[in-house]
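This report describes one protein structure for a reader who has not seen it before. The sequence and the structure are shown first, and the description follows.

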Amino acid sequence: MSAPHVLLLGGHGKVAMKLTPLLLARGWDVTSVIRNPEHERKILELGAGQKGTLDVLLSSLEDVKSVGDAQSILDRVSPDYVVWAAG
């Protein structure tokens with residue numbers, strides 16, 4: 001059985017920055033969606049030495065304008081859970 005996979009929208013926010021290491025420590029896999037590429041390194045540091053795996057998806061949620069746009073992200077990531085942590 002594979003680890004649960006969480007799609008975390010708003011990955012650089014306060015809640016997401018606290019939630020990410022908690023999920024990873026439990027062995028869950030996390031895909032963190034952020035819009036600013038300058039934040040990618042800081043997000044990836046949260047995954048250092050953790051049980052779960054961490055990926056970063058650079059994408060602006062403002063560009064999601066339709067059900068099809070949202071579905072393409074879901075199809076790409078294939079999460080078990082989605083967490084909205086964006087402002």
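## Overall fold

Along the sequence, the protein chain runs in the pattern β-α-β-α-β-α-β. That pattern comprises 3 helices and 4 strands; helices (H or I, at least four residues) and strands (E, at least two) are DSSP runs, numbered from the N terminus.

This is a predicted model, in which local features need pLDDT of at least 70 and side-chain atom pairs count only at pLDDT 80 or more, while totals for chains, interfaces and linings use all residues. Residues are numbered from 1 along each chain as its sequence is written, and side-chain values use heavy atoms, with hydrogens and water left out.

## Size and surface

The C-alpha atoms of the protein chain fill a box of roughly 35 × 30 × 15 Å along the principal axes. The radius of gyration of the protein chain is 12 Å, which agrees with the value near 12 Å for a compact globule of 87 residues. This radius is taken over C-alpha atoms, and the globule rule is 2.2 Å times the number of residues to the power 0.38.

Of the 87 residues, 36% count as buried, where buried means under 20% relative accessible area, exposed over 50%, and partly exposed in between (1.4 Å probe, protein chains only).

## Contacts and cores

Among contacts between residues at least 6 apart in sequence, 65% join residues at least 24 apart. Contact means heavy atoms within 4.5 Å.

The largest nonpolar core has 13 residues, and Leu8, Val30, Ile43 and Leu54 have the most contacts inside it. A nonpolar core is a set of buried Ala, Val, Leu, Ile, Met, Phe, Trp, Tyr and Cys residues joined through side-chain atoms within 4.5 Å. Two or more residues of this core come from each of β1 (5-9), α1 (14-25), β2 (29-34) and β3 (54-58). The largest share, 4 residues, is given by α1. Apart from this core lies another, of 6 residues, including Leu9, Leu57, Ile73 and Val77.

Which residues does leucine 8 contact, leaving aside its neighbours within four places in sequence? They are Ala16, Leu19, Thr20, Val30, Thr31, Ser32, Val33, Val83 and Ala85.

Alanine 3 sits in the segment before β1 and is partly exposed, at 26% relative accessibility. Alanine 3 and arginine 26 are 23 residues apart in sequence, with 9.2 Å between their C-alpha atoms. Beyond its neighbours within four places in sequence, alanine 3 is in contact with Gly27, Trp28, Asp29 and Asp80.

Threonine 53 belongs to the loop between α2 (40-45) and β3, and its relative accessibility of 44% makes it partly exposed. Threonine 53 and valine 30 are 23 residues apart in sequence and 6.3 Å apart from C-alpha to C-alpha. Not counting residues up to four places away in sequence, threonine 53 touches Leu24, Trp28, Asp29 and Val30. Serine 78 is in the loop between α3 (67-77) and β4 (81-84). Although not a glycine, serine 78 has a positive phi of about 55 degrees; its relative accessible area is 49%, so it is partly exposed.
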